[in-house]
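Please walk me through this structure, starting with a pair of charged side chains and going on to the aromatic rings and the pocket.

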Amino acid sequence: MFETYNKEPERSKKLRSTADMLKQFVLAGTLLFAAGLIYELVAGKMDNRAYKLAVGLAVGTAFVLAWTNMIRISESENLANAMYFGFIAAGFIVAFMVCFKPRGMAWILFGMAAAQMAITVILLTVGPLAASIMEIDIPDIFSRNAVFALLWLSSALLFRRAARN
């Protein structure tokens, strides 16, 4: 009797997880398509190799940051990770404001690297207080944000090099 009763919730969980997987698959495809399209639209018209590398690195970094935070939100339902989507959107809006010119892009990405580490500083100051409530792993947050900050910084240096040529 209990076996048939317990199988129904398991079946509905499988259906729910299949629907969630389909949503995540569509979202991942949309992110990948958007990243490729942005790269093609921005870097496709340029002959400068440093500029193309810088755009590729910036778009790739934004894609990986969005992807990892999409996964973290779906796993933990911690909406604090959603701030990274605003972070990426702000960088993209400012890039439009400088018309994707190499010198302006270099400054934007230097700022994004600094902002990425500012997020870490904020979490380090709030983290010890909130660690017991929100289950924050401070070394993990620091290392992840440091990697992304280095990627933003590398892209900024490539844009700076492209501006000199």
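Arg144 and Asp140 lie four residues apart in helix 5 (residues 138-164), so about one helical turn separates them. Helices here are DSSP runs of H or I with at least four residues, numbered from the N terminus. This is a predicted model, in which local features need pLDDT of at least 70 and side-chain atom pairs count only at pLDDT 80 or more, while totals for chains, interfaces and linings use all residues. Residues are numbered from 1 along each chain as its sequence is written, and side-chain values use heavy atoms, with hydrogens and water left out.

Arg144 forms a salt bridge with Asp140, and their closest N and O atoms are 1.9 Å apart. The term stands for a side-chain nitrogen of Lys or Arg within 4 Å of a carboxyl oxygen of Asp or Glu. The structure holds one salt bridge. Arg144 is partly exposed, at 27% relative accessible area, and Asp140 is partly exposed at 26%. Buried means under 20% relative accessible area, exposed over 50%, and partly exposed in between, with a 1.4 Å probe and protein chains only.

Next come the aromatic rings. A pair of aromatic rings is described by the distance of the centres and the angle of the planes. Rings of Phe, Tyr and Trp (its six-membered ring) pair if their centres lie within 6.5 Å; planes under 30 degrees apart count as stacked, over 60 as edge-to-face and the rest as tilted. The structure holds seven aromatic pairs. One of them joins Phe96 and Phe100 edge-to-face, at 5.1 Å centre to centre and 75 degrees between the planes. Phe100 is buried, with 16% relative accessibility. Another edge-to-face pair is Trp107 and Phe110, at 6.3 Å centre to centre and 65 degrees between the planes. These two residues are three apart in helix 4 (residues 102-134), so about one helical turn separates Trp107 from Phe110. Trp107 is exposed at 62%, whereas Phe110 is partly exposed at 23%. Phe92, Phe96 and Phe100 form one aromatic cluster.

What classes of residue make up the lining of the largest pocket? The lining has 23 nonpolar residues, one polar and no charged ones. Nonpolar covers Ala, Val, Leu, Ile, Met, Phe, Trp, Tyr, Cys and Pro; charged covers Asp, Glu, Lys and Arg; the others, Gly among them, are polar. Helix 1 (2-43), helix 2 (49-76), helix 3 (83-97), helix 4 and helix 5 each give two or more residues to the lining of the largest pocket.
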